[in-house]
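Visitor: Please show me the structure. I am new to it and have a few questions.

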Protein chains: 2
Amino acid sequence: MSSEKDEAGTGKPPMRDALVAAAFHLFLERGYEQTTVDDIVALAGVGRRSFFRYFPSKEDVVFPDHERCLADMTAFLADGSDDDEPVGRVCDAARLVLRMYAENPTFSVQRYRLTKQVPGLRAYELSVVWRYERALAEYLRRRFAARRDGTLQADVIAAAVVAAHNNALRCWLRSDGRGEASTAVDHALAYVQSAFGGVPVPPVAEQPEDVVVVVARRGAPLWRVVQEIEATLGRG
Amino acid sequence: MSSEKDEAGTGKPPMRDALVAAAFHLFLERGYEQTTVDDIVALAGVGRRSFFRYFPSKEDVVFPDHERCLADMTAFLADGSDDDEPVGRVCDAARLVLRMYAENPTFSVQRYRLTKQVPGLRAYELSVVWRYERALAEYLRRRFAARRDGTLQADVIAAAVVAAHNNALRCWLRSDGRGEASTAVDHALAYVQSAFGGVPVPPVAEQPEDVVVVVARRGAPLWRVVQEIEATLGRG
DNA sequence: TCACTCATGGCACTCAGTGCACAACTGGCG
DNA sequence: CGCCAGTTGTGCACTGAGTGCCATGAGTGA
């Protein structure tokens, strides 16, 4: 409730909410593509031109709060100190997105059903998710600046975190928002942290020593182990 | 002239190529958004209606070969046997995409510059990449069906593979297609495999007997280290 | 020659999105 | 009170993507 107040210069016009409500009413009733912007503004009782004053496109009305959430995430990542563990930090950042979804379960579920069956909305959602992923990756790139392959690791870990988050989120959305979303996300993110949070190459690469330790799993293809050793030994 | 026979519904009329050529000529000359479909068909000397017969949207003309590549990838994944290692298989599948880019370096670089500065094209590219990622994830889901958290691992690994591939690909594209693209991609994919390499459950502590630890002195000859690992892994 | 198919193209239409100008309301300021 | 900004909502005309429908013309087989 109190979270819907205005902030940072963005006033809270009731018109915006009215447009979102009218849009979703029609989208759920007759489908997204069968609803024109004229239909929405007619139901909301406002002029057509006003719609595009609040939403740059018809798709934006489906994701009215992602812009704010993205700003929250970037602020959260900018606030962190250099002491906290990078992978854990981006996992916490991902939890911010989950919280936004969990704040309005019914709305989130409705939107999920909508985006699932409208290709155009799925494409739009991808661009939204991509911006989250870029925010995480940029943060990790800064933190990994000293590492060899820092940007690669940053991109991969950011993608893995987003994928894990989305996997758990969609699982929760598919269950109509029942149950606790955070536990599934915690589990998913723990998997990512177990894969990247541990001790692969970075510690060795950061402080070269006389001894190289390689941990390999039984069954892992030999050539891949060799590749890793080659990279660790400095590649020549 | 040559064997331009239709295969699986994907015909190759010269008109399609003419439209792509005309489109890119104009896109590079005056920009994507400053070029209308009418401009393209006028330059190609064909009717406007024919454009949309070959390309469902204006954006599709920028990615004329991804549909075929996606089909190749799904076929490649469907062909594999149950013996090959799943993560290695999806890495090889990703290399198919790289090969498509590397086949036409100049075209790929031009398209990269275009998509980098046109938001609409970036969004479209995301939807393309998403379909590749889904193909990989679906394959891994099948292979991981028996695992606990199989779908989670499948989604995360697919995302990591795609991110690693794209990181290396973009690095190559930024260098104007100079150098060998495959080495950068191999290196990036090796990183992903080192994090996820064929292991059922990530936590190492649960199955310590499956882990092999090798300690080597820096400067030790590589072949000697490999010999040691080979022996320890039991003829990998 | 006829019938049939198929690729092409012309035409009109819907609808998203934009630029521009105008009206209504607001809050000073003389 | 009249005058003057600034903001917000609206109406209108326009561009351009994408679609449905139908005409045309070339090729093919009988």
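Guide: First, a term: helices (H or I, at least four residues) and strands (E, at least two) are DSSP runs, numbered from the N terminus. This is a predicted model, where local features need pLDDT of at least 70, side-chain atom pairs count only at pLDDT 80 or more, and totals for chains, interfaces and linings use all residues. Residues are numbered from 1 along each chain as its sequence is written, while chains are lettered from A and ligands numbered from 1 in the order in which they are written.

Visitor: Which helix gives the largest share of the surface near DNA strand D?
Guide: A residue is near a strand if its C-beta atom, placed from the backbone, lies within 6 Å of it. H3 of chain A, with helix H2 (37-44) and H3 of chain B, each supply at least two residues. The largest share, 3 residues, comes from H3(A).

Visitor: Which residues come nearest to DNA strand C?
Guide: There are 15 residues around DNA strand C. Nearest come Ser57(A), Lys58(A), Val46(B), Gly47(B) and Ser50(B).

Visitor: At what angle do the axes of H5(A) and H8(A) cross?
Guide: Axes are lines fitted to C-alpha atoms, for helices over the stretch in contact, and angles run from 0 to 180 degrees between N-to-C directions. Helix H5 (residues 86-103) and helix H8 (residues 150-174), both of chain A, have axes that come within 10 Å. They cross at roughly 35°.

Visitor: Which residues of H8(A) does H5(A) meet?
Guide: Contact means C-beta atoms, placed from the backbone, within 7 Å. H5(A) brings residues including Val87(A), Cys91(A) and Tyr101(A). In H8(A) they meet Ile157(A), Ala158(A), Val161(A), Val162(A), His165(A) and Leu169(A).

Technical notes: Contact = placed C-beta atoms within 7 Å.
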